[in-house]
Amino acid sequence: MKVVDAIKNDLKTDVNWNRAGRLVRQGATALPSASVKYAADKLPIIGWLPRYNYRWLLNDLIAGLTVGLMLIPQGLSYAKLADIPVQYGLMSSWLPAVIYTFMGTTKDLSTGPTSLIGLLTSEIVADFQHDYTPSEIASAVALWMGVYGMVLGFLKLGFLLEFISLPILSGFISAVAITIILNQMGSLLGEPNIGDGTATQIHDIFSKLPQANGYACAVGFTGILFLAVLDHAYKRWSKNRVLWFLSLTRAFLCLLIFTGMSYAVNRKYDNPKQYIFGVAQVKANGQEAPAFPRTDLLAKVASRTITVFIGATVEHTAIARAFGVRNNYVTDQSQELCYFGITNFFNSFFHSMGVGGAMSRTAVNSSCNVKSPLSGLVTTAVVLVSIFKLVGTLYWIPKATLAAIIVCAVWPLISSPRTFYGYWKSSLADFTSSMIAFWVCLFVSTEAGIGASVGFNIVYLLIRQVFARIKSGSTEPRSELELAIEETRGTPPTLQDDIRLFRLTDSFFFANAYAIRTKILDVTQTHHAPLYSSPHAAEAERNWSVVGEQRIARLRKKANISDFSSLPPLGLLILDFGRVNHIDVTAVAHLRQMMDEIKRYTGSHVVIRFVGMTEYVRMRFERCNWRVDDVAAEDYGGEDVEATKLYRSVADAVAAPRLSVLSDEEDEKIRDIKRLDSTYENVTHTEEV
């Protein structure tokens with residue numbers, strides 16, 4: 001009985017059991033409404049379609065058509081890169097755009113086969129192609145990419161991807177891009193026998209140059225020149241609409257020109273071995289019937305797919321975030337992972353390779369001023385037409401032309417030496433992790449490169465904790481304001497209506513950088529008004545996306561803010577680094593992006609100040625080319641736009657004078673919206689009279 005009584009007493013008094021019971025009761029109460037909301041969040045089209053403006057149809061039509069024309073050559077090229085029959089690149093490309101129309105949280109993102117996924121898939125295809133067909137292997141990889149994506153997305157575990165730091169990504173993607181280019185040299189040289197492995201390929205490329213097919217070289221390198229000239233011409237004369245269109249469709253035009261040339265010179269031969277240069281020999285009779293990937297193969301590629309998944313999802317979510325910031329709307333990382341998982345899972349039934357967000361097509365989509373994800377339906381229509389009507393023509397595509405398109409697509413992915421030198425100047429640990437990722441991925445394998453570099457980062461952070469530094473000495477007394485702030489926990493306090501203080505309580509590095517950035521942005525937008533708020537401004541600047549509005553509305557409701565019009569603007573943002581003993585390149589990059597987003601929301605007049613930064617952390621900022629200037633308590637000297645001011649205490653940062661000056665663009669924006677308000681008031685007054 002004593003044991004039973006002890007158990008009962010533990011159940012009543014134990015903190016963990018009480019917390020578990022409280023969470024279960026809260027979850028059961030909120031389950032019905034939360035389930036409905038969760039299901040609705042998985043289909044963002046429910047939120048944005050009712051506010052769709054029919055005037056946007058032309059933009060979406062043009063963008064969808066342009067991206068569709070790009071997707072045809074890229075789909076074929078990336079299938080070739082994955083070492084699968086090129087027609088499967090087209091079969092991989094039509095379904096993702098349809099699903100993204102319903103599940104996507106960006107208007108710009110274009111999904112489909114990518115160069116990164118193609119290369120990582122080819123490594124797995126090479127290992128299993130003796131027992132299975134290449135298309136079967138690629139489909140099995142795509143299915144596992146879908147499973148992993150759904151697990152992380154539906155369970156909101158996307159934060160796990162943040163353990164891949166920015167320097168590791170730079171090294172990994174650069175190595176992959178170089179490997180892709182080396183893999184295409186065989187096609188550019190007329191397919192001499194070039195071996196596997198970076199070192200072997202470099203040796204064979206130079207040793208077998210005398211065996212190169214001159215016609216193939218002419219086609220391939222002329223294609224590269226054609227693509228590069230159109231790209232650079234548009235960058236130089238960007239206002240020329242003809243060059244704009246030619247540059248956007250340059251891959252399709254290159255494919256069209258050289259396919260016609262290939263047909264003209266090769267059609268007279270009956271045997272493909274007699275062709276002057278190699279052609280793709282696309283063979284397909286429409287879309288093949290769906291089939292589930294072979295179950296015995298799934299077990300063999302499950303672990304190998306993890307690297308493909310990591311590379312593809314990091315690329316996908318990074319592109320989505322970047323274009324959301326650029327075009328002033330909010331993306332949902334967990335929802336993007338849900339889409340990524342659903343699309344790859346069901347797309348794998350159609351004999352496809354893995355798919356994800358593509359930077360080049362997304363940039364083109366954005367430059368076409370696309371207005372919503374509905375453009376994806378047009379892209380799907382273009383791809384389906386090519387699958388069912390153009391396969392006979394695609395047979396004659398030169399392999400050297402596909403290689404040229406791939407080379408030009410991946411060349412921008414290679415980080416410049418200046419980037420790695422920047423890591424060297426900023427942090428030896430970040431530089432080391434980037435070099436491990438680069439060289440191991442380049443000469444060993446992508447799995448080993450990612451594993452070794454992430455492992456190095458984890459070991460480095462653990463060693464930092466083991467050998468933690470301490471300082472001894474007296475400390476100056478703190479003000480009453482600082483003592484009061486010290487007692488607060490949780491939500492950062494508002495010192496005045498237009499001042500917001502955030503206190504970082506631990507090291508700021510790659511693993512928590514995205515979460516801290518998101519928290520600061522959420523609090524800022526929840527408790528402060530944008531640059532200029534008006535009941536008519538929202539209609540004047542109508543945006544397709546409702547994700548950001550819904551998120552901020554939920555946060556404000558949770559904070560019991562009902563009167564949005566009374567929210568103060570943000571004039572001063574203070575970041576207290578008093579407890580931060582380490583910061584890395586990834587955190588500094590996130591902080592830069594966060595400050596840009598805050599200024600876009602509140603206006604460039606907002607003043608941002610640092611407090612309590614150690615010499616080590618300040619040195620890290622300066623090594624990342626971010627000036628941090630000390631300000632004495634008795635002499636503030638105004639704000640320097642080229643540097644962030646560092647204060648000894650929060651009280652000093654609050655007391656220092658501020659210069660609140662709007663930019664010309666913001667001033668003009670306010671005048672325009674005030675004129676709009678005046679127009680509405682005049683119309684209302686007339687109706688009342």
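This is a dialogue on how to read several features of a predicted model.

Q: How many helices and strands does the protein have?

A: The protein has 31 helices and seven strands. Buried residues make up 50% of its 689 residues. Among contacts between residues at least 6 apart in sequence, 81% join residues at least 24 apart.

Q: In what order do the strands of the open sheet lie, and is the pairing parallel or antiparallel?

A: Five strands form this open sheet, and their order is 3-4-5-7-6. The pairing is parallel. Strand 3 (499-503) and strand 6 (628-630) are the edge strands, each pairing on one side only. On average, neighbouring strands of the sheet are turned by 30° against each other, direction ignored.

Q: Which helices pack on the sheet?

A: Helix 25 (residues 513-527) packs on the sheet and touches strand 3 and strand 4 (572-576). The direction of helix 25 makes about 155° with that of strand 3. Helix 29 (residues 615-623) also packs on the sheet, touching strand 5, strand 6 and strand 7. The direction of helix 29 makes about 135° with that of strand 6.

Q: How many bridges join strand 5 to strand 7, and which residues stand opposite each other?

A: Strand 5 (residues 607-611) and strand 7 (residues 644-647) run parallel and are joined by three bridges. Arg609 stands opposite Lys645 in strand 7, and Phe610 has Leu646 as its bridge partner there. Strand 7 also pairs with strand 6 in the parallel sense, over three bridges. On that side, Asp630 stands opposite Leu646.

Q: Are the faces of strand 7 covered or open?

A: Start with the general idea. In a regular strand the side chains alternate between the two faces of the sheet. In this case both faces of strand 7 are covered. Thr644 and Leu646 lie on one side, Lys645 and Tyr647 on the other, and all are buried.

Q: What caps the N-terminal end of helix 22, and which of the helix's residues are buried?

A: Ser427 is the cap: one of its side-chain oxygens lies 3.3 Å from the backbone nitrogen of Ala429. For the second part, the general idea is about direction. An α-helix has 3.6 residues a turn, so residues three or four places apart point the same way. The buried residues of helix 22 include Phe431, Ser434, Phe438, Cys441 and Leu442.

Q: Which residues of the largest nonpolar core touch the most other members?

A: The general idea comes before the names. In soluble globular proteins, nonpolar side chains tend to be buried together. Here the largest nonpolar core has 110 residues, and Leu76 and Ile84 touch the most other members. Helix 9 (residues 166-188) supplies the largest share of this core, eleven residues. Leaving out residues up to four places away in sequence, Ile84 touches Ala79, Val125, Pro134, Ser135, Ala138 and Met353. A second, separate core of 35 residues includes Phe431, Phe508, Leu591 and Met594.

Q: What covers the buried residues of helix 6?

A: Helix 6 (residues 94-103) is mostly covered, with eight of its ten residues buried. Among them are Trp94, Leu95, Ile99 and Met103. Their cover includes helix 3 (45-48), helix 5 (87-91), strand 1 (111-112), helix 16 (333-347) and helix 18 (375-389).

Q: Is Gln333 buried or exposed?

A: Gln333 is found in helix 16. Its relative accessible area is 11%, under the 20% limit, so Gln333 counts as buried. Its side chain makes a polar contact of 2.6 Å with that of Arg321. Not counting residues up to four places away in sequence, Gln333 touches Gly158, Phe159, Glu162, Thr317, Arg321 and Tyr514.

Q: Where is the place of His351, and is His351 buried or exposed?

A: His351 is in the loop between helix 16 and strand 2 (356-357). With a relative accessible area of 18%, His351 is buried. Apart from neighbours within four places in sequence, its contacts are Tyr88, Ser139, Glu288, Ala289, Pro290 and Ala291.

Definitions and conventions
Residues are numbered from 1 along each chain as its sequence is written. This is a predicted model: local features need pLDDT of at least 70, side-chain atom pairs count only at pLDDT 80 or more; totals for chains, interfaces and linings use all residues. Side-chain values use heavy atoms; hydrogens and water are left out. Two strands pair if DSSP finds at least two bridges between them. Helices (H or I, at least four residues) and strands (E, at least two) are DSSP runs, numbered from the N terminus. Axes are lines fitted to C-alpha atoms, for helices over the stretch in contact, and angles run from 0 to 180 degrees between N-to-C directions. Contact means heavy atoms within 4.5 Å. Buried means under 20% relative accessible area, exposed over 50%, partly exposed in between (1.4 Å probe, protein chains only). A polar contact is a pair of N or O atoms within 3.5 Å; within protein, one must be able to donate a hydrogen and the other to accept it, and residues adjacent in sequence count only if both atoms are side-chain atoms. A nonpolar core is a set of buried Ala, Val, Leu, Ile, Met, Phe, Trp, Tyr and Cys residues joined through side-chain atoms within 4.5 Å.
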